[in-house]
Amino acid sequence: MDQKAKELASQGIVRIGDVAPDFTTDSSEGKIQWHQFIEGGWAILMSHPRDFTPVCTTEISAAAKLAPEWEKRKTKVAVVSVDSAEEHKRWVADINKYGGHPVNFPILDDKDKKISLLYGMLNQDHLADTGLPLTVRSVYFIGPDKKVKLILTYPAAVGRNFDEIIRCLDALQLSANKLIATPANWKQGDEVCIQPQVTDEQAATMFTNIRPVFPSCKLRMTSDPAATTNIVA
Ligand code: BEZ
């Protein structure tokens, strides 16, 4: 088996509901022990193909611009690619000049592909000059219990939509420990769906402003509970 096949075959699989695999690595901000870093709050782990590439630069700058939004949502961000901590540091200096939004989260060293292999971030079609697989654009949303709540994966040629990433985080934080779910195209402040296993009698004791919409599909809306509840654990 050649090295490319070996790397692809030895990748782990992380699914929603799994505890986010732990690791220790160097980063643009020094040594990181992952579970210690994310302890007690929400976290986002994002991979990208390579440092000093155009789309990746726009993405990391977009994430840096959102610093107040991550803070508001008590969410730590970390970024990873198969580059070294030294390369990450040089790239961060350029990203800061490009966008004017200082990168205030760590970019993790994964030159040995330890993290990419653990999470299964490597792609069979997206290869370095060496012919070996690179990371694609994955986003792992991790809850305060260290479990993976949502995963997004985009190919190298498609930059991520950070409005969607924030929207997913809001939906996750809103629905954590509540018997609600967010409908198509939901955004903060909109009504939410009452989960189908809740009977109408139970719903009447749990929710306000219930709006029955389509009984055969148990489609019942209620006010966004974030309006009255502290949603962040
Ligand atoms: C980019 O970040 O621009 C990029 C990286 C790898 C492949 C294609 C685009």
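Which helix gives the most residues to the shell around the ligand? Helix α3 (residues 54-65) does, with 3 residues. Helices (H or I, at least four residues) and strands (E, at least two) are DSSP runs, numbered from the N terminus. The structure is a predicted model, in which local features need pLDDT of at least 70, side-chain atom pairs count only at pLDDT 80 or more, and totals for chains, interfaces and linings use all residues. Residues are numbered from 1 along each chain as its sequence is written, and side-chain values use heavy atoms, with hydrogens and water left out.

The shell around the ligand consists of Pro49, Thr53, Pro54, Val55, Cys56, His126, Arg137 and Ala156; a residue is near a molecule if one of its heavy atoms lies within 4 Å of it. By class, this shell holds 5 nonpolar, 2 polar and 1 charged residues. In this classification Ala, Val, Leu, Ile, Met, Phe, Trp, Tyr, Cys and Pro are nonpolar, Asp, Glu, Lys and Arg are charged, and the others, Gly among them, are polar.

The side chain of Thr53 places an N or O atom 3.0 Å from an oxygen atom of the ligand. A polar backbone atom of Pro54 is 3.3 Å from an oxygen atom of the ligand, and for a backbone N or O atom of Cys56 the distance to a ligand oxygen is 2.9 Å. Of the 260 Å² of accessible area that the ligand has on its own, the protein covers 76%. Accessible areas come from the Shrake-Rupley method with a 1.4 Å probe; for residues, only the protein chains shown count as cover.

Aromatic contacts form a second topic. A pair of aromatic rings is described by the distance of the centres and the angle of the planes. Rings of Phe, Tyr and Trp (its six-membered ring) pair if their centres lie within 6.5 Å; planes under 30 degrees apart count as stacked, over 60 as edge-to-face and the rest as tilted. The whole structure contains 4 aromatic pairs. One of them is the stacked pair of Phe23 and Trp34, with 5.3 Å from centre to centre and 15 degrees between the planes. This pair links distant parts of the chain, 11 residues apart: Phe23 is in the loop between α1 (3-9) and β1 (24-25), and Trp34 is in helix α2 (residues 34-38). Phe23 is buried at a relative accessible area of 5%, and Trp34 is buried at 0%. Buried means under 20% relative accessible area, exposed over 50%, and partly exposed in between (1.4 Å probe, protein chains only).

The ring centres of Tyr119 and Tyr140 are 5.1 Å apart and the planes stand at 70 degrees, so this pair is edge-to-face. Tyr119 belongs to helix α6 (residues 114-119) and Tyr140 to strand β8 (residues 137-142), so the pair ties together parts 21 residues apart in sequence. Tyr119 is buried, with 1% relative accessibility, as is Tyr140, with 2%. Phe23, Trp34, Phe37, Tyr119 and Tyr140 form one aromatic cluster. The charged end of Lys76 sits over the ring of Phe37, 4.6 Å from its centre; for this, NZ of Lys or CZ of Arg must be within 6 Å of the ring centre and within 35 degrees of the ring normal.

Lys74, although not a glycine, has a positive phi of about 45 degrees. Lys74 is located in the loop between α4 (67-72) and β4 (75-81) and is exposed, with a relative accessible area of 53%. Lys146, also not a glycine, has a positive phi of about 70 degrees. The loop between β8 and β9 (148-154) contains Lys146, which is buried at 15% relative accessibility.

Two threonines contact backbone oxygens. Thr25, in strand β1, is buried at a relative accessible area of 9%, and a polar atom of the Thr25 side chain lies 2.6 Å from the backbone oxygen of Asp109. Thr75, in strand β4, is buried at 8% relative accessibility, and its side chain reaches the backbone oxygen of Arg73 at 2.8 Å.

Notes. Polar contact = N/O pair within 3.5 Å; in protein donor to acceptor, adjacent residues only side chain to side chain.
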